[in-house]
Amino acid sequence: MPGYEMWGAEERREVEDVLETGILMRYGFDGPRKGRWKARELEEALCRRTGAARAQVVSSGTAALTTALAALGVGAGHEVIMPTFTFVASFEAVLSVGATPVLVDVDDTLTLSPAAVRAAVTPSTRVVMPVHMCGSMADLGALTAICKEKGLLLLEDACQAPGGSWQGRALGTVGDAGCYSFDFVKTITCGEGGAVVTSSPEVARRCDQYADHGHDHTGVDRGADLHPALGYNFRISELHAAVGLAQLRKLDGFLEIQRRNKRALRETLERVPGVTFRRIPDPAGDSASFLSFFLPDEARARAAAKAMQAAGIGAMYWYDNNWHYVRRWDHLKSAASPYPVPAPLREALTVLAARPFPASDAVMSRAISTPIALGWTSEQLGERAAKLAAAVGSVG
Ligand SMILES: *Cc1c(COP(=O)(O)O)cnc(C)c1O
């Protein structure tokens with residue numbers, strides 16, 4: 001899955017372009033930058049690749065989610081429905097704008113269960129935030145229908161799924177806004193970086209301001225910009241954007257390799273009795289950064305993950321993971337924070353700490369993901385497929 005495997009001359013050339021002028025900032029310095037605008041170029045390239053009308057490149061995926069929530073007008077008193085299986089960043093972003101995260105169960109898509117979403121809607125709900133985990137998409141048909149019916153916003157956390165699609169539309173562009181991460185281990189990387197995409201010029205304008213201290217970016221002189229609203233610094237540097245430009249050009253090549261490698265592993269694993277696979281609402285749009293599958297029960301899933309690790313095959317057993325699955329989010333459930341958390345959010349964390357998620361547990365305790373690398377030779381791929389099948393098959 002990670003673009004860092006394919007770092008090369010293309011990335012170096014883009015970075016050199018920036019180093020030559022020494023203008024590392026994305027705004028201003030129009031003369032000395034000699035027409036080089038890497039962040040702006042990356043935004044244009046993202047629009048072309050995803051079909052989004054507007055893109056705002058920022059300093060991380062977490063910053064992108066925070067910026068998108070703010071730009072969508074989400075904050076104090078609003079509930080954001082999100083899945084129990086995600087990366088803590090989605091949760092952190094909701095807290096950071098003062099909104100209340102409401103976790104709901106995942107199903108065999110490993111992302112939001114539409115039935116659980118429907119049951120969780122209250123008069124305070126403002127946003128449904130599916131997280132396209134491990135490269136594959138949530139059930140966007142059912143989720144968009146719920147949002148339309150209930151008058152809710154859809155914000156896609158597509159941080160793990162750049163390049164994926166649903167019914168021919170890029171993941172991230174189906175909802176009111178979508179976010180990508182370009183951190184170092186994502187499908188394409190800037191080192192650190194992220195982006196918000198949206199079809200709304202108004203949301204895009206607010207993103208542009210929020211990510212840069214509220215600057216309106218309308219003047220020729222940055223010092224004379226007006227500040228229509230509150231904002232923070234979530235800017236990306238030109239150096240990071242330059243890396244992302246080169247990586248984005250490679251995205252389709254990465255997807256092709258991932259899909260081929262994933263298919264080979266899956267075809268071998270299909271022959272192992274008892275193994276079932278994650279349901280993917282639109283298999284053609286899978287970005288294929290992971291292969292995710294189920295064992296019949298927790299004991300066998302644990303044993304299979306252990307056997308895979310012993311054979312040198314990456315095995316993510318998310319059920320025990322303290323970043324990605326709510327069961328082990330101890331620091332969040334205890335509201336451990338360097339500063340006192342506002343009372344309503346503290347209350348929400350207390351509710352979360354007390355809440356069991358048996359339906360999610362039933363799915364996640366049986367699930368394993370294995371990452372799909374770009375750099376395997378066909379020999380290594382064949383060897384890996386055989387080892388994977390043997391390890392998983394060994395648990396009976
Ligand atoms: C990586 C990730 C993020 C955050 O991205 P960063 O660039 O690391 O801040 C958010 N959500 C999900 C699902 C992610 O995997």
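Student: Which residues of helix 4 (residues 88-96) are buried?

Tutor: In this predicted model, the buried residues of helix 4 are V88, A89, S90, F91, A93 and V94.

Student: What do the buried residues of helix 4 pack against?

Tutor: Their partners include helix 3 (61-71), strand 2 (79-83), strand 3 (100-104) and strand 5 (153-157). Helix 10 (330-333) and helix 11 (343-354) are also among them. Helix 4 is followed by G98, with a positive phi near 85°.

Student: Why is the chain called as compact as a globular protein of that length?

Tutor: The secondary structure of the chain comes to 13 helices and 12 strands. Its radius of gyration is 21 Å, and the globule rule gives 21 Å for 396 residues; the two values are close, so the chain is as compact as a globular protein of that length. Along its principal axes, the C-alpha trace spans about 70 × 50 × 40 Å. Buried residues make up 56% of the 396 residues.

Student: How is the chain divided into domains, and how many residues does each give to the contact?

Tutor: Domain 1 covers 3-250 and domain 2 covers 252-393. The contact takes 43 residues from domain 1 and 44 residues from domain 2. The centres of the two domains, taken over C-alpha atoms, are separated by 23 Å.

Student: Why is K38 called buried, although Lys counts as positive?

Tutor: The term rests on accessible area: buried means under 20% relative accessible area. K38 has 3%, which is under that cut-off, and therefore K38 is buried. K38 lies in helix 2 (residues 38-50). Leaving aside neighbours within four places in sequence, K38 is in contact with E14, D17, V18, E238, A241, A242 and L245.

Student: How do you know that K250 counts as buried?

Tutor: The relative accessibility of K250 is 16%, under the 20% cut-off, so K250 counts as buried. K250 is placed in helix 8. Beyond neighbours within four places in sequence, its contacts are M6, W7, G8, E10 and E11.

Student: What makes V243 a buried residue, and which residues does V243 touch?

Tutor: V243 has a relative accessible area of 9%; this is under 20%, so V243 is buried. V243 is in helix 8 (residues 238-269). Not counting residues up to four places away in sequence, V243 touches W7, E11, V15, T189 and C190. By contrast, T122 lies 121 residues from V243 in sequence and 43 Å away in space, C-alpha to C-alpha.

Student: Why is Q167 called exposed?

Tutor: Exposed means over 50% relative accessible area. Q167 has 59%, which is over that cut-off, so Q167 is exposed. Q167 lies in the loop between strand 6 (165-166) and strand 7 (169-170).

Student: What makes the phi of Q167 worth noting?

Tutor: Most residues other than glycine have a negative phi. Q167 is not a glycine, yet its phi is positive, about 50°.

Student: Where does A335 lie, and is A335 buried or exposed?

Tutor: A335 is in the loop between helix 10 and helix 11. Its relative accessibility is 12%, under the 20% cut-off, and A335 therefore counts as buried. A335 is a residue other than glycine with a positive phi, near 55°.

Terms used
Residues numbered from 1 in each chain as written. Predicted model: local features only at pLDDT ≥ 70, side-chain atom pairs only at ≥ 80, totals over all residues. Heavy atoms only, no water. Helix = DSSP H or I, 4+ residues; strand = E, 2+ residues; numbered from the N terminus. Rg over C-alpha atoms; globule rule 2.2 N^0.38 Å. Buried < 20%, exposed > 50% of the residue type's maximum accessible area, 1.4 Å probe, protein only. Domains from an automatic or database assignment. Contact = heavy atoms within 4.5 Å.
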